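Me: I've got a model open here and I'd like to talk through what some of the labels rest on. Can you take my questions one at a time?

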Amino acid sequence: MKANILIIGLSKGIVNQIKKELIKSTSKNSFEINQYANVDDAVKKYKDEVIDIILWEENENEYKHFKQLKKKFNGAITILISNGKIETIIDEINRDGLFRIATSGYKVSDLVKYLEEALHKWQDLQNQKKKITGNDKETLQKELLIAQEIQKNLLPTDSPKWKNLELACFSESAKNVGGDLYTYYGMQNDRTLISKHLVAVGDVSGKGISAALLMATCLSHIDNSMKLNLKLPERMSYLDTLLVPFTKPQKQNCALCMVELIGVNTNHAFVKVVNAACIPPYVKRKNGTVEWISSKGFALGQGIGVQFGYKENT
């Protein structure tokens, strides 16, 4: 990584001398020098680029522009060559922003020395940033692993113990955390004449932490909706409206398919399917035929599905 050095006010000959001496003591691959005759030209040129070190030969007519440059590149290590009253200049451009000060009787070797010291300081700062970044990444990775474990625990067990019905579930996120979800509900006991089970599979748009947060919200609202005596299309419309405040800020949505299995404890079992833009389920019948149940509807959290309704297929 190269340090970007900006030199203002010095002649091209002096700048070339500085460059040659710096290469001897450091490396030509460790820095890059850009030269400008005045501050105004430098301010106009540098917009999005990064300046690491500034060497400026003071000109009292350029204080205003130099302040603009320093404000823009507040973190730049600054070396000042003073041609006037040093205290006045320091007050003008802020003492805290100066790394070294040279007077008008300077030697090129003095400037080279100051720039070498500035390069060392810049390199130390880069090493500190790398260390901090490395620690941050390690901490973030640990937190993501914890989040992954928490998210897995939000999902129900992968194999519920139901009479007359076997169910196997599996979910693996593309990243540490994600937006895939599943849940199920069994409504069967010894006094139930006709059993009823509901299985929901969904996928929140997006990936990573934002998708994981919305996934948790969706699971919570699906679970709460089961306390209400609603038919499948009504349940979908209810969830579509309920999720809008959570999906709207990031323009997300939740694709969800709900399958209700009725009478698996009898010889006349059947399924009901309502789909909100999710992958349709396949049904394998007793005679061996496989059917793809196409049931269309808008994804949840957009407020559109409730307007057009959801169709139930049996």
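Me: What is the strand order in the open sheet of five strands, and is the pairing parallel or antiparallel?

Reply: Keep in mind that this is a predicted model. The order is β2-β1-β3-β4-β5, and the pairing is parallel. Neighbouring strands here are turned by 15° against each other on average, ignoring direction.

Me: What makes β2 and β5 edge strands?

Reply: Count partners. β2 (31-36) and β5 (100-102) each have a single partner strand, so one side of each is left without a neighbour in the sheet.

Me: How do you know that β1 and β3 are paired?

Reply: Pairing takes at least two bridges between two strands. Four bridges join β1 (residues 3-8) to β3 (residues 53-57), so the pair passes that cut-off. For a spot to look at, Ile-7 stands opposite Leu-55 in β3.

Me: What packs on that sheet, and at which angles?

Reply: Helix α3 (residues 63-72) touches β1, β3 and β4 (77-81), and its direction makes about 175° with that of β3. Helix α5 (residues 108-154) touches β1, β2, β3, β4 and β5, at about 170° to the direction of β4.

Me: What about the sheet of four strands: which order does it have, and which strands stand at the edges?

Reply: The order is β6-β7-β8-β9, with antiparallel pairing. β6 (180-187) and β9 (270-276) stand at the edges: each has a single partner strand, so one side is left without a neighbour. The twist averages 10° from one strand to the next.

Me: How do you know that β7 and β8 pair?

Reply: The cut-off is again at least two bridges. Nine bridges join β7 (residues 196-204) to β8 (residues 254-262), so they count as paired. Gly-202, for instance, has Leu-256 in β8 as its bridge partner. Helix α7 (residues 232-247) lies across β7, β8 and β9, running at about 155° to β8.

Me: Which residues line the largest cavity, and what kinds are they?

Reply: That cavity holds about 110 Å³ of space. Of its 13 lining residues, the closest to the centre are Gln-151, Lys-152, Ser-171, Glu-172 and Ser-173. The lining divides into two nonpolar, seven polar and four charged residues. α5 gives the most, with three residues.

Me: How does the radius of gyration of the protein stand against that of a compact globule?

Reply: A compact globule of 314 residues would have a value near 20 Å, but the protein has 34 Å. The C-alpha trace spans about 105 × 40 × 35 Å along its principal axes.

Conventions: Residues numbered from 1 in each chain as written. Predicted model: local features only at pLDDT ≥ 70, side-chain atom pairs only at ≥ 80, totals over all residues. Heavy atoms only, no water. Helix = DSSP H or I, 4+ residues; strand = E, 2+ residues; numbered from the N terminus. Axes fitted to C-alpha atoms, helices over the stretch in contact; angles between N-to-C directions. Contact = heavy atoms within 4.5 Å. 1 Å grid on protein atoms, 1.4 Å probe; cavity = no way out; pocket = protein on both sides within 12 Å on 5 of 7 lines; lining within 4 Å. Points joined across faces, edges and corners; volume = space filled by probe spheres on them. Nonpolar A, V, L, I, M, F, W, Y, C, P; charged D, E, K, R; others polar. Rg over C-alpha atoms; globule rule 2.2 N^0.38 Å.
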